[in-house]
Amino acid sequence: MPGFSRKKKIFLFLMIGVVTLILTYGVLHVLSQENQKVDFNTQIRPILNKKCITCHGGVKRSSEFSLLFRTDALSPNESGKRAIVPGDPKASEMIRRIRHHDPEERMPPEGDPLPKEEIELLTRWIEQGASWEDHWAYVKPEPVAVPDISSTWGHNSIDPFVLQKLEENDLQPSPQADKATLLRRVSLDLTGLPPTREDLQNFLNDDSPQAYEKVVDRLLASPHYGERWAAMWMDLARYADSKGYEKDDQRSIWQYRDWLIKAFNEDKPFDQFTMEQLAGDLLPNPTDDQVLATAFHRNTMNNDEGGTDDEEFRVAAIIDRVNTTWSVWQGTTMACVQCHSHPYDPIRHEDYYKSLAFFNNTADEDVPSESPVLKTFTAEADKQKLEQMKNWVIQQTASADEKLEKAQDFVNLVRITEPKIHPHSFDQIEKGSLADNKYLFVEPGGYARLPDIPLQGEDHLFVSYSAGRSTGRVEIRMDSLSGKRLGVWQVQQKDNFEIAVIPIQPQSGRHDLFLIFKDPGQKGAVCHIEWMLLHETLPGKNQPGYADIERKFYSLLNTNEAITTPVMIEKEPAYQRKTHVFERGNWMVSGEEVQPGIPQAWNDLPEGAPLNRLGMAQWLVSKDNPLTARVTVNRFWAQLFGTGIVETIEDFGTQGAKPSHPELLDWLAQQFMYEHRWSTKKLLKQMVMSATYQQSSKTTPSLLEIDPDNRWLARGPRIRLDAEQVRDQALAVSGLLSDKMYGPSVMPPQPAGIWQVVYSGLEWKTSEGEDQNRRALYTYWRRTSPYPSMIAFDSPSREFCVTQRINTNTPLQALVTLNDTVYIAAAQALAQRMLQEHPNQVEAQIKAGYQMAMVQEIADEKLADLQLLYTEALAHFNKNPEAVKALTGQQDKQLAALTVVANAIMNLDEFVTKA
């Protein structure tokens with residue numbers, strides 16, 4: 001290189017070498033990328049879901065091209081071309097269209113073209129064969145090894161998973177919370193109640209390594225544990241003491257709530273907990289408790305408004321049961337599939353109705369009585385009658401194999417009384433109609449026809465009816481108005497519905513039944529019929545004592561001394577319905593018939609599982625099901641930490657959030673199923689015993705900047721208490737909270753004029769005595785007018801299943817806790833406790849009140865503020881003595897001033913927050 005100095009030559013050679021290295025690296029990097037396997041779930045699916053599936057998914061199939069399933073995506077579209085040809089991007093119409101320079105041809109049609117990187121990814125994916133992978137949530141969780149991390153931090157196997165993520169994000173765990181904070185946190189989490197000062201002192205005095213574990217075990221054994229977790233489940237069950245819709249009349253279903261409390265307290269394994277709620281009536285020889293558990297799906301709304309179509313709202317209830325089941329146990333947004341295939345997840349339109357078919361043969365039909373209901377007799381005499389009737393049937397049944405089965409059949413006849421035939425089943429009514437669209441009435445000379453009734457040798461017709469006179473009679477004929485007369489029934493005057501039992505001639509086969517109403521010379525309805533039922537008579541008719549047993553049998557049928565709870569009962573085979581796809585979700589337009597089944601993306605039903613609700617329940621808790629354990633542990637995790645490992649608790653589908661700790665989620669799911677054998681208490685203990693849970697919730701500006709939502713769990717949870725806990729805590733620290741458990745819902749004080757009831761005699765009658773101060777889950781819940789202070793703290797109306805409450809922070813909440821009757825009463829009771837402990841020492845009174853509320857010593861600055869508030873309040877009451885009486889009901893200025901202070905303490909941020 002003439003003219004170049006030696007230094008310049010060396011520099012030039014070095015630069016050429018660097019450029020060569022850069023170019024070589026670039027070429028190798030490109031080659032490496034081209035050879036690298038494209039991952040469908042992490043690289044391709046997000047592009048398709050965000051940019052393509054809106055027009056080419058389950059809702060829209062523009063040009064008959066859908067990306068929901070691989071088979072659809074590889075099929076020829078409307079033009080006859082294939083959008084995706086595995087291994088051949090050049091022949092793939094999709095690649096041609098996303099690369100096209102003409103905006104009229106280019107895809108997507110709206111917005112900017114796809115970035116070059118995404119186009120290259122899609123091209124390489126097709127070039128590599130366009131492999132399709134199941135979404136992670138639809139793949140069965142496999143055993144996961146606990147990370148082997150060298151660290152002194154951690155108490156159990158949860159912590160290495162968390163620490164691994166912290167280190168990946170250059171974060172460190174926080175120190176352990178102090179004992180007082182930890183005790184309050186775990187007490188609120190496990191029982192929904194704050195600890196007492198005695199609890200704190202015992203914990204502080206216990207220096208053993210097992211001190212915290214002893215606390216956890218005590219809380220898990222507390223009866224209040226069941227109340228806390230039942231309150232959570234009641235949102236999922238959409239529990240309410242009313243039926244919903246416009247009339248929103250009263251419903252007696254509190255026995256289900258009590259079953260829930262007991263189920264959590266006895267730590268009923270979650271698989272059994274599931275099967276009993278979805279299909280307890282279908283278990284072999286079900287107990288009362290197992291049948292009561294099925295009220296989970298009788299919490300659906302019931303429309304008693306006049307003129308409504310019972311079938312429409314029966315179908316609405318079934319649809320709600322499908323949506324709720326998939327949401328609660330599978331974290332799947334199934335509701336939209338009622339009208340079309342899922343927009344994003346691999347669920348076809350017909351799959352919805354295969355799920356609906358599992359639920360479509362229950363006996364409930366949106367009738368005012370809410371049949372079927374389980375009667376629980378309360379009078380001792382009735383309990384004895386039931387036992388005597390059962391023993392009679394056993395004695396009078398010849399076949400040893402049939403004795404118990406037949407006896408149970410008659411017990412069920414008395415207690416459940418199915419299969420009923422309701423008035424909406426009549427298809428021809430002459431000189432009559434359905435009163436209020438609910439009850440059959442026919443005038444003399446008229447008739448009503450029941451079509452295609454299965455007759456199976458029954459010799460009695462049970463009829464629930466009322467009548468204004470005793471002059472009429474009803475003939476029952478078969479197949480025509482002049483057909484064979486099966487029986488005749490003489491109507492008796494009855495002001496209220498009562499059950500009559502009419503002998504009929506046994507028949508077999510499917511026949512039309514005609515009811516012919518006669519009452520010569522009379523006008524108006526011969527009677528009003530609520531329902532009818534075909535059944536055989538009690539055995540042993542010619543035996544001594546039969547007449548007495550028969551009277552007791554009729555007495556049990558008509559007694560009102562019983563608690564009735566709506567339950568799920570499967571229709572007998574002869575009465576079962578067929579299930580059809582609803583075209584575009586319209587229940588009035590039936591498509592093809594379908595059988596019960598599961599979407600193809602999931603595992604099959606277990607071998608031998610019946611095609612009914614029990615089979616579906618067995619499938620849900622099968623260890624091959626990819627979602628039930630994941631969804632459940634995620635829900636419990638969210639209750640403790642404020643956010644689930646999957647943030648979208650209700651959606652584990654492709655549009656849901658990705659798990660922050662996927663390996664931990666799968667490990668917990670495996671633990672729940674195999675190690676804990678579906679024990680909820682063991683799962684919760686494992687979570688609260690972790691160092692992750694026990695961290696301090698204090699944060700720093702840098703930590704907030706890196707992880708504002710605490711997704712990596714570098715600190716403990718800090719969450720506002722839920723509606724029930726806010727109220728229960730106020731009553732607990734004031735000393736007012738009642739320990740009474742179970743029983744009918746109560747009506748604590750609420751502001752006047754809240755209930756504006758239109759069509760029923762319902763009114764809010766404030767409970768007396770300790771029932772005013774029971775835990776919040778016992779509060780009477782009316783869907784159209786829920787308890788107002790709990791609504792202010794984000795409690796749902798429970799018209800539908802709510803898997804996760806929205807946590808808000810509004811001024812209305814402060815107005816409730818400052819002014820609501822319950823909170824004022826709690827503040828006054830706390831003030832009285834403060835006075836009793838330290839009659840003449842204001843500073844000591846305030847310190848004691850704060851410690852009662854927070855089980856913490858008060859900070860000096862806060863103490864000074866509260867002392868100033870006390871001084872100002874006392875000065876106000878000195879000037880306004882009438883305000884003292886208005887606040888406290890007595891002329892005690894010191895109590896009034898301390899009530900203001902106690903009220904302020906119970907409005908502090910730390911009081912309504914779990915930290």
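Reader: Which residues touch the most other members in the largest nonpolar core?

Author: Trp233, Tyr256 and Leu668, out of 109 residues in that core. Helix α10 (residues 223-236) supplies the largest share, eight residues. This is a predicted model, in which local features need pLDDT of at least 70 and side-chain atom pairs count only at pLDDT 80 or more, while totals for chains, interfaces and linings use all residues. Residues are numbered from 1 along each chain as its sequence is written, and side-chain values use heavy atoms, with hydrogens and water left out.

Reader: What makes a set of residues a nonpolar core?

Author: The members are buried Ala, Val, Leu, Ile, Met, Phe, Trp, Tyr and Cys residues, joined through side-chain atoms within 4.5 Å. Buried means under 20% relative accessible area, exposed means over 50%, and partly exposed lies in between (1.4 Å probe, protein chains only). A second, separate core has 55 residues, including Phe793, Ala826, Ala831 and Ile846.

Reader: Why is Trp587 called partly exposed?

Author: The relative accessible area of Trp587 is 24%. Trp587 sits in the loop between β11 (579-582) and β12 (590-594). Helices (H or I, at least four residues) and strands (E, at least two) are DSSP runs, numbered from the N terminus.

Reader: What does Trp587 touch, not counting residues up to four places away in sequence?

Author: Asp309, Glu311, Glu312, Val315 and Phe582, where contact means heavy atoms within 4.5 Å. Glu312 is 275 residues from Trp587 along the chain, yet their C-alpha atoms are separated by 7.4 Å.

Reader: How do you know that the span of helix α20 agrees with its 14 residues?

Author: The expected span is 1.5 Å times one less than the number of residues. For α20 (residues 628-641) this gives 20 Å, and the end C-alpha atoms are 20 Å apart, so the two agree. Just after α20, Gly642 takes a positive phi of about 90°.

Reader: Why is α20 called largely enclosed?

Author: Of its 14 residues, 13 are buried, so α20 is largely enclosed by the rest of the structure.

Reader: What does helix α2 span between its end C-alpha atoms?

Author: Helix α2 (residues 40-52) spans only 15 Å, whereas a straight helix of 13 residues would span 18 Å. Its buried residues include Phe40, Ile44 and Leu48. Among the elements covering the buried residues of α2 are α4 (93-99) and α5 (116-127).
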